[in-house]
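Reader: I would like to go through this model by question and answer. Please show the sequence and structure.

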Amino acid sequence: MLFLDIEEIRRDNIRMKMEMTCRVCNKAKIEILFLPCRHLITCTVCSETMDECLHCGGNIMGTVKTYFA
């Protein structure tokens with residue numbers, strides 16, 4: 001039988017929500033994949049103002065809108 005620690009589940013839930021939140025506005029969910037570096041770190045609105053990836057500093061040559069199902 002598996003016993004789950006409620007506090008651990010809450011911490012994981014908060015961590016996962018933070019990982020899926022835009023690194024620029026910290027409000028909207030992440031949706032845009034930068035090319036060619038393939039970093040997934042911004043929402044659609046914030047990505048439109050960026051020329052370089054926040055994570056690696058590489059030039060953004062294109063983007064792909066992603067959907068989490």
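This is a predicted model: local features need pLDDT of at least 70, side-chain atom pairs count only at pLDDT 80 or more; totals for chains, interfaces and linings use all residues.

Reader: How many disulfides does a search of the whole structure find?

Author: A disulfide needs two cysteine sulfur atoms within 2.5 Å. For C25, the nearest cysteine sulfur belongs to C22 and is 3.8 Å away. C25 is in no disulfide. Over the whole structure, the number of disulfides found is 0.

Reader: Which cysteine has the sulfur closest to that of C37, and how far away is it?

Author: A disulfide would require the sulfurs to lie within 2.5 Å. The C37 sulfur is too far from its closest cysteine sulfur for a bond. That partner is C53, at 3.8 Å.

Reader: Is C25 buried, partly exposed or exposed?

Author: Buried means under 20% relative accessible area, and exposed means over 50%. C25 has a relative accessibility of 26%. C37, with 23%, falls in the class between those limits. C25 therefore counts as partly exposed.

Reader: Which residues make up the largest nonpolar core?

Author: C53 belongs to this core. Leaving out residues up to four places away in sequence, C53 touches F34, C37, H39, I41, G58 and I60. The core has 6 residues in all. They are I32, F34, I41, M50, C53 and I60.

Reader: Where is E48, and what is its relative accessible area?

Author: E48 lies in the loop between α2 (44-47) and β3 (62-65). Its C-alpha atom is 30 Å from that of D12, 36 residues apart along the chain. Exposed means over 50%. E48 is exposed, because its relative accessible area is 63%.

Key
Residues are numbered from 1 along each chain as its sequence is written. Side-chain values use heavy atoms; hydrogens and water are left out. Buried means under 20% relative accessible area, exposed over 50%, partly exposed in between (1.4 Å probe, protein chains only). A nonpolar core is a set of buried Ala, Val, Leu, Ile, Met, Phe, Trp, Tyr and Cys residues joined through side-chain atoms within 4.5 Å. Contact means heavy atoms within 4.5 Å. Helices (H or I, at least four residues) and strands (E, at least two) are DSSP runs, numbered from the N terminus.
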